[in-house]
Amino acid sequence: TASYPYFTLIHPDTLEAEKPRPLVFRRTDGQIVDSCGLCPFILLPSGEYMLITRLDRAGAALLGYSVPAGLDAINCRVVSRDCGESWQYAGPVHLEGLEGRVDLWGIYRGNSGRLLAGYDTPHAGIAYSDDEGRSWRHVEIAVEEGLRANEPCIVQLEGNRLMALLRRTLSGESGEETALLAFSDDNGESWTAARSSRRIRM
């Protein structure tokens, strides 16, 4: 049997969630193309829903997308124009210069309107887009030698200042440690080196 991620809407006035629906992604001819991995999501100003999912080699081939040598999957943009009733693939997501598997951790819209998403490859960084997710640039977040940083999430501070919170451990690993923090004053184009928080634990 097929296994799909699920999608639901939460109404802001009541915080009640609608019945979850499977995310079934199709080609323009209606053929289902299974995805794998995470599905970070955002509502665009156009009213479209957009998420990014990962396609294995078989799924990419069905859509005519190529997977670079040495990789087993690519990230792909998927959109819905009918409030999540149907979803269509809208092209691969390229992060030039990154090698190996790239996991994107959530999509956030900053005060400037820029889309931002944390990633790890396993090196952690921030990807950003100025065209509603069609193309992305990225910057790695430096960490002290011997430290590991994973799964960055983004918090908007005053003005164009952003903060990234990063885990020291991978999902499923035991133990709780203080988070790593990095800051940007230019809408995510450059970041300070990550440093340990004194109070935030993850």
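Two strands count as paired if DSSP finds at least two bridges between them. Strands themselves are DSSP runs of E with at least two residues, numbered from the N terminus.

Before selecting anything, note that this is a predicted model, in which local features need pLDDT of at least 70 and side-chain atom pairs count only at pLDDT 80 or more, while totals for chains, interfaces and linings use all residues. Residues are numbered from 1 along each chain as its sequence is written, and side-chain values use heavy atoms, with hydrogens and water left out.

**Stop 1: the four-stranded sheet**

Select Ala127 and His138. His138, in β11, is the bridge partner of Ala127. Now extend the selection to strand β10 (residues 124-129) and to β11; these two run antiparallel and are joined by four bridges. They belong to an open sheet of four strands in the order β8-β9-β10-β11, where the pairing is antiparallel. At the edges stand β8 (103-109) and β11 (137-140), each with a single partner strand, so one side of each has no neighbour in the sheet. From one strand to the next, the twist averages 25 degrees (axes are lines fitted to C-alpha atoms, and angles run from 0 to 180 degrees between N-to-C directions).

**Stop 2**

Strands of a sheet pair through backbone hydrogen bonds, either parallel or antiparallel. Next, show the open sheet of five strands, ordered β3-β7-β6-β5-β4, which has mixed pairing. Its edge strands, β3 (25-26) and β4 (41-43), each pair on one side only. β3 and β7 pair in the parallel sense over two bridges.

**Stop 3: the aromatic cluster**

Select Phe41, Tyr49 and Trp87, which form one aromatic cluster. Rings of Phe, Tyr and Trp (its six-membered ring) pair if their centres lie within 6.5 Å; planes under 30 degrees apart count as stacked, over 60 as edge-to-face and the rest as tilted. In the whole structure, a search finds two aromatic pairs. Phe41 and Tyr49 are edge-to-face, at 5.4 Å centre to centre and with 75 degrees between the planes. The pair of Tyr49 and Trp87 is tilted, because the ring centres are 6.3 Å apart and the planes stand at 40 degrees. Tyr49 lies in strand β5 (residues 49-56) and Trp87 in strand β7 (residues 87-92), so this pair ties together parts 38 residues apart in sequence.

Trp87 is buried at 2% and Tyr49 is buried at 8%, whereas Phe41 is partly exposed at 33%.

**Stop 4: two loop residues**

Most residues other than glycine have a negative phi. Select Leu15, which is not a glycine but has a positive phi of about 60 degrees. Leu15 sits in the loop between β1 (6-7) and β2 (21-22), and is exposed, with 66% relative accessibility. Then select Asn187, also not a glycine, with a positive phi of about 65 degrees. Asn187 is in the loop between β14 (178-184) and β15 (195-201).

Notes: Buried means under 20% relative accessible area, exposed over 50%, partly exposed in between (1.4 Å probe, protein chains only).
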